Amino acid sequence: MLDAKLLEILACPHCVTRPEAPPAGKRKGEFEWVGEAAAPTGLRCLQCGRVYKIEDGIPNLLIEEAVLPGGQA
Ligand SMILES: [Zn+2]
């Protein structure tokens with residue numbers, strides 16, 4: 001079940017291990033939804049911009065499979 005609570009629980013596995021401070025007012029590696037809130041297709045990290053896909057309602061948080069803002073994995 002995907003809901004707003006998920007955004008409070010999950011964090012970008014790349015950014016949580018980095019020393020850099022997150023954007024003002026955000027947690028380290030905080031996510032926003034990609035796509036419609038009712039049926040998001042991914043999670044975008046507000047810190048590094050990586051997009052993690054949501055497949056069959058399950059977020060794939062593997063760093064190697066995330067897509068960087070530039071487009072390459
Ligand atoms: Zn990140």
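**Working through the model**

Modeller: Start with Leu 10, which sits in the loop between H1 and S1. Keep in mind that this is a predicted model.

Biologist: Is Leu 10 buried or exposed?

Modeller: Leu 10 counts as buried, because its relative accessibility is 17% and the cut-off for buried is under 20%.

Biologist: What is Leu 10 in contact with, leaving aside its neighbours within four places in sequence?

Modeller: Its contacts are Arg 27, Phe 31, Leu 43, Pro 59 and Leu 61.

Biologist: Which residues make up the largest nonpolar core?

Modeller: Twelve residues in all: Leu 6, Leu 7, Leu 10, Cys 12, Cys 15, Phe 31, Trp 33, Leu 43, Cys 45, Tyr 52, Ile 54 and Ala 66.

Biologist: And which elements each supply at least two residues of this core?

Modeller: Helix H1 (4-9) does, and so do strands S1 (31-36), S2 (39-45) and S3 (51-55).

Biologist: Switching to the metal. What are the protein donors of the zinc ion?

Modeller: Four cysteine SG atoms, from Cys 12, Cys 15, Cys 45 and Cys 48, at 2.3 to 2.4 Å from the zinc ion. Cys 12, Cys 15 and Cys 45 are also listed in the largest nonpolar core.

Biologist: How are the donor residues spaced in sequence?

Modeller: The pattern is C-x2-C-x29-C-x2-C.

Biologist: Why is the arrangement around the zinc ion tetrahedral?

Modeller: Because the four donor atoms subtend angles of 106 to 114° around the zinc ion. The tetrahedral label requires all angles to lie between 85 and 135 degrees.

Biologist: Is Cys 45 buried or exposed?

Modeller: Cys 45 is buried, at 2% relative accessibility. Cys 15 is buried too, at 2%. Cys 48 is partly exposed, with a relative accessible area of 21%.

Biologist: How about salt bridges, how many does the count come to?

Modeller: Two salt bridges. Side chains of opposite charge can pair when their charged atoms come close. One of the bridges joins Arg 44 and Glu 32, with an N to O distance of 2.7 Å. That pair links distant parts of the chain, as Arg 44 is in strand S2 and Glu 32 is in strand S1, twelve residues apart.

Biologist: Where do Arg 44 and Glu 32 fall on accessibility?

Modeller: Arg 44 is partly exposed, with a relative accessible area of 30%. Glu 32 is partly exposed as well, with a relative accessible area of 30%.

Biologist: Which side chains meet in the bridge at 3.5 Å?

Modeller: Those of Glu 20 and Arg 18, with the 3.5 Å taken N to O. Glu 20 is partly exposed at 40% relative accessibility, and Arg 18 is partly exposed at 36%.

Biologist: Where does Glu 20 lie?

Modeller: In the loop between H1 and S1. Leu 10 lies in the loop between H1 and S1 too.

Biologist: What does Glu 20 touch, not counting residues up to four places away in sequence?

Modeller: Glu 20 touches Lys 28 and Gln 47. The C-alpha atoms of Glu 20 and Gln 47 are separated by 9.1 Å, and the two residues are 27 apart along the chain.

Biologist: Back to the strands. Where is Gly 42 found, and is it buried or exposed?

Modeller: Gly 42 is in strand S2. Gly 42 counts as buried, with a relative accessibility of 0%.

Biologist: What is Gly 42 in contact with, leaving aside its neighbours within four places in sequence?

Modeller: Glu 32, Trp 33, Val 34, Tyr 52, Lys 53 and Ile 54. Among them, Trp 33, Tyr 52 and Ile 54 are part of the largest nonpolar core. A C-alpha separation of 9.5 Å is found between Gly 42 and Gly 57, 15 residues apart along the chain.

Biologist: Last topic, the backbone. Which residue has a positive phi although it is not a glycine?

Modeller: Asp 56, with a phi of about 55°. Asp 56 is placed in the loop between S3 and strand S4 (58-59).

Biologist: Does Asp 56 count as buried or exposed?

Modeller: Exposed, because its relative accessibility is 80% and the cut-off for exposed is over 50%.

Terms used:
Residues numbered from 1 in each chain as written. Predicted model: local features only at pLDDT ≥ 70, side-chain atom pairs only at ≥ 80, totals over all residues. Heavy atoms only, no water. Core = buried A, V, L, I, M, F, W, Y, C linked by side-chain atoms within 4.5 Å. Buried < 20%, exposed > 50% of the residue type's maximum accessible area, 1.4 Å probe, protein only. Helix = DSSP H or I, 4+ residues; strand = E, 2+ residues; numbered from the N terminus. Salt bridge = Lys/Arg side-chain N within 4 Å of Asp/Glu carboxyl O. Donors = N, O, S within 2.8 Å, 3.2 Å for Na, K, Ca; no water. Tetrahedral: all angles 85-135°; square planar, octahedral: opposite > 155°, others 65-115°. Contact = heavy atoms within 4.5 Å.
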